[in-house]
Amino acid sequence: MEINPDLPPVEDEEMGVMGLTQVDPSPVEDTPMEFREKDYFPEQERPEKETEEMRGIRRMNTLGLRLGDHGTAWWLLRIQKYSSYTFTAFAALHITNVSIIPLATRSVLESNRYLLLTRPYYQSALTEPLLVGLPLVAHVTSGIALRLWRRRQALKKYGAETRTDKRTIPWPQLSGTSALGYALVPFASFHVWTTRILPLYAHGDSSLINLQYISHGFALHPAVSFTGFTALVGIGVWHFVWGAAKWLGWAPSQVKMTEEDRALVRKRRWYTINGISAALTALWLAGGLGVVGRDGKMVGWVGKEYDELYKYLPIVGKWVGQ
């Protein structure tokens with residue numbers, strides 16, 4: 001062992017620098033004694049008899065699928081999304097019955113036969129709440145709740161406490177699709193009231209309600225009926241198509257930043273979505289207004305029953321029979 005002149009001398013050559021003994025390295029046990037019988041990173045204590053259900057819950061926790069892993073906004077958005085999927089099935093069946101079939105047959109009487117055949121599938125005591133009522137209520141309420149939740153989060157973020165502070169913070173931006181949805185609510189509610197709720201209230205059932213009932217209303221109040229029906233279909237179709245584009249990731253605002261010619265892609269999507277909306281609206285109105293709306297009044301005792309129902313309408317109801 002060579003002596004370094006820069007270091008102080010040591011008495012024993014076996015001693016290292018500053019009195020430390022230099023020893024040859026030797027292998028040591030990597031795993032401490034207390035962890036030899038089990039894992040170095042022990043898992044949480046598990047019960048001796050773990051059921052299949054408990055193992056499934058543990059796997060879900062590992063994958064991060066617990067309810068607590070997602071916030072309120074995430075769940076409200078999922079409710080709004082999947083409720084619209086369910087309602088789409090009814091909407092497709094409805095446009096077929098009230099527009100496509102009348103347009104193909106050119107006869108309201110003939111179209112009523114197909115309407116009566118499919119009515120049990122979406123107007124029974126079981127299917128109507130599942131396909132229409134619950135999805136519609138869930139979609140509307142979740143949208144309103146989501147907007148209120150985001151408003152609350154914004155107030156909390158900026159520390160708004162007084163009413164004056166809250167007024168200075170704007171509400172979350174309302175998208176065009178959401179605006180169409182809010183505008184659709186009164187038209188859809190009036191349609192549900194006249195075709196489902198009012199017959200049950202006045203006559204105890206809705207067995208007489210068919211396409212001829214709609215034609216009778218167009219003949220009694222043409223201006224109100226044509227205007228209201230056009231608004232209902234137009235707003236509804238644009239809301240459905242733009243909403244579907246958003247759920248599928250095809251909206252212009254969802255074009256990726258890495259997309260080439262991003263502005264051109266956004267413009268193409270905008271024209272495509274509006275083109276589809278216009279085509280569906282034209283198809284729906286062609287059968288609804290062009291065939292059903294021009295069939296005229298119903299005569300006989302059925303026509304009198306329709307007159308009695310339309311007398312319940314506010315404002316325009318007093319004109320029936322004059």
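These are my notebook entries on what I looked up in this structure, which is a predicted model.

**Entry 1: annotated spans.** I began with the UniProt record, an unreviewed entry, which places the feature "transmembrane region" at residues 85-109, 129-149, 170-193, 226-249 and 270-292. I then looked at two of these spans in the model. Over residues 129-149 the chain is 100% helix and 0% strand, with 27 Å between the end C-alpha atoms. Residues 170-193 are 75% helix and 0% strand, and here the end C-alpha atoms lie 35 Å apart.

**Entry 2: the nonpolar patch.** Which residues make the nonpolar surface patch? I noted L136, V140, I144, L148, W171, L174, Y182 and V185, which together make a patch of about 640 Å². Helix 4 (127-157) and helix 6 (176-203) each supply at least two of its residues, and helix 4 gives the most, with four. I picked out I144, which lies in helix 4 and is partly exposed, its relative accessible area being 36%.

**Entry 3: L184.** My next stop was L184, a residue of helix 6. Is L184 buried or exposed? At 10% relative accessibility L184 counts as buried, because the cut-off for buried is under 20%. Leaving aside residues up to four places away in sequence, L184 touches L232, I235, G236, H239 and F240. For one of these, G236, I also noted the separation: L184 and G236 are 52 residues apart in sequence, yet their C-alpha atoms are 6.2 Å apart in space.

**Entry 4: salt bridges.** I found three salt bridges in the structure. In one of them R196 pairs with E128, the closest N and O atoms being 2.8 Å apart. Since R196 lies in helix 6 and E128 in helix 4, this pair ties together parts that are 68 residues apart in sequence. R196 is buried, with a relative accessible area of 17%, whereas E128 counts as partly exposed at 21% relative accessibility.

Another salt bridge joins the side chains of E110 and R113, at 3.4 Å from N to O. E110 and R113 are three residues apart in helix 3, so about one helical turn separates them. I set beside this the general point that an α-helix has 3.6 residues a turn, so residues three or four places apart point the same way. E110 is partly exposed at 28% relative accessible area, while R113 counts as exposed at 52%.

The side chains of K311 and E308 also meet in a salt bridge, at 3.6 Å from N to O. Here K311 is partly exposed, with a relative accessible area of 42%, and E308 is partly exposed as well, with 41%.

**Entry 5: positive phi values.** R106 has a phi near 60° and lies in the loop between helix 2 (72-105) and helix 3 (108-122); R106 is exposed, at 56% relative accessible area. D261 has a phi near 55° and is found in the loop between helix 8 (222-247) and helix 9 (262-288); D261 counts as exposed at 55% relative accessibility.

**Entry 6: helix 9.** How far apart are the end C-alpha atoms of helix 9? They are 39 Å apart, which agrees with the 39 Å that its 27 residues should span at 1.5 Å a residue. The buried residues of helix 9 include V265, I273, N274, S277 and W284, and its buried residues pack against helix 2 and helix 8.

Key:
Residues numbered from 1 in each chain as written. Predicted model: local features only at pLDDT ≥ 70, side-chain atom pairs only at ≥ 80, totals over all residues. Heavy atoms only, no water. Patch = residues over 30% accessible without salt bridge, like charges linked within 9 Å, V, L, I, M, F, W, Y side chains within 5 Å. Areas by Shrake-Rupley, 256 points an atom, 1.4 Å probe, with all protein chains shown as cover. Salt bridge = Lys/Arg side-chain N within 4 Å of Asp/Glu carboxyl O. Buried < 20%, exposed > 50% of the residue type's maximum accessible area, 1.4 Å probe, protein only. UniProt positions renumbered as here; feature names shortened; annotations may be inferred. Expected span 1.5 Å × (residues − 1). Contact = heavy atoms within 4.5 Å.
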